[in-house]
Amino acid sequence: MTDAGIVVAIGGNALSPEGEEGTVAEQFRHVRESLGEVVQLAAEGWKIVIVHGNGPQVGNDLARQEIARSQIPPLPLGLLVAGTQGWIGYMIQQSLQNALADAGVERRVVTLVTQILVDQDDPALATPDKPIGRTMGEERAKALAADLGWHIAPVSGGWRRVVPSPRPLGTIEHRMIATLFAEGHLVVASGGGGVPVYRTAGDRIEGMDAVVDKDRAAAVLGLDIGADVLLILTDIDAVYTGYGTPRQERIARLDLHGAEALIASGELGAGSMAPKVEAAMRFVREGGDRAIITRLDLGGEGVAGEAGTEIVAG
């Protein structure tokens, strides 16, 4: 077993791509397809924590709450995030344990429902702007907002519920995760960004209706447990300048100064790549050795410096 540790962040869309029904069979198939890079890292002796997204899955759970709300009291968002941590974690845990056995790798896998500490005075809590759930028509969205007290906003193709997305400060269960991590067990934690919670004046933990960005939560967890590397796996092979244009160019390596300039330039827009670069920057700035952003099937090559975009301190 190597002393090197890695946090691997896998997007929820990797498990339930657009254009599919999102059946359990489909999601199990995608989970199995997504784990090859993790098995490779485990075979090399890396200590590993896996953080998964849950966007499509929690969206489906929200739809179930809407449909059944006249017969069963709807569950709050925090419980839905906790629920997806459990069942997506089960799918990853079972599939990964089988894949490790097939590869002859003697490692064990465990899933932890994880709470993420946020500041109850975080300004983001006053400005809900993170779309969650399915896109719907304006009339239905406004009816649900009136019935359930939602915030809603127009998006491409319709309307969606929006919730706050506060900045993660720490991982409540980090000591337990660190112990399992140090012993060489593969840990699935902070799924869907974890359940956001805050501490009251009496030092009690309370949840809230919000979501935490999965990549930012992965960076914080990596720092909490002393991981060396943050590997963010997505559907694009690297960070690019001019992405989607004839002048697009892959960025193989960024130091913190270059990453800050890239964010400030607006080159990455407000889409999914900017939060990934910001998460990578935080991990490296606060003590991690390096962060890599690459495509799901290129994780091993990214760690070896042969693919993706590497972010380092300098």
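## Strand β13 and V239

V239 lies in strand β13, which covers residues 239-241; strands here are DSSP E runs of at least two residues, and helices are H or I runs of at least four, both numbered from the N terminus. The model is predicted: local features need pLDDT of at least 70 and side-chain atom pairs count only at pLDDT 80 or more, while totals for chains, interfaces and linings use all residues. Residues are numbered from 1 along each chain as its sequence is written, and side-chain values use heavy atoms, with hydrogens and water left out.

V239 counts as buried because its relative accessibility is 0% (buried means under 20% relative accessible area, exposed over 50%, partly exposed in between, with a 1.4 Å probe and protein chains only). Leaving out residues up to four places away in sequence, V239 touches E249, R250, I251, L262, L268, M273, V277, I293 and T309, where contact means heavy atoms within 4.5 Å. A182 is 57 residues from V239 in sequence, and their C-alpha atoms are 31 Å apart.

Helix α3 (residues 55-68) has 14 residues and reaches 20 Å from first C-alpha to last, close to the 20 Å expected at 1.5 Å a residue; the expected span is 1.5 Å times one less than the number of residues. Its buried residues are Q57, V58, G59, N60, D61, L62, A63, Q65 and E66. Among the elements covering them are α1 (24-34), α4, β5 (130-136), α5 (138-148) and β7 (158-163).

The 26 residues of helix α4 (residues 77-102) should span 38 Å, and the end C-alpha atoms are 37 Å apart, which agrees. Just after α4, G104 takes a positive phi of about 75°.

## Packing of α6 and α7

Helices α6 (residues 174-182) and α7 (residues 214-225) pack at about 70°, with axes 9 Å apart. They are therefore roughly perpendicular (angles of 65 to 115 degrees). The contact is made by H174, I177, A178 and F181 of α6 with L221, D224 and I225 of α7. By class, five of these residues are nonpolar, one is polar and one is charged.

S190, in the loop between β9 (186-188) and β10 (195-199), has a positive phi near 55° although it is not a glycine. With a relative accessible area of 0%, S190 is buried.

D203 is also not a glycine, and its phi is positive at about 65°. D203 sits in the loop between β10 and β11 (205-207) and, at 51% relative accessibility, counts as exposed.

Methods
Axes are lines fitted to C-alpha atoms, for helices over the stretch in contact, and angles run from 0 to 180 degrees between N-to-C directions. Angles under 35 degrees count as roughly parallel, over 145 as roughly antiparallel, 65 to 115 as roughly perpendicular and the rest as oblique. Ala, Val, Leu, Ile, Met, Phe, Trp, Tyr, Cys and Pro count as nonpolar, Asp, Glu, Lys and Arg as charged, and the others, Gly among them, as polar.
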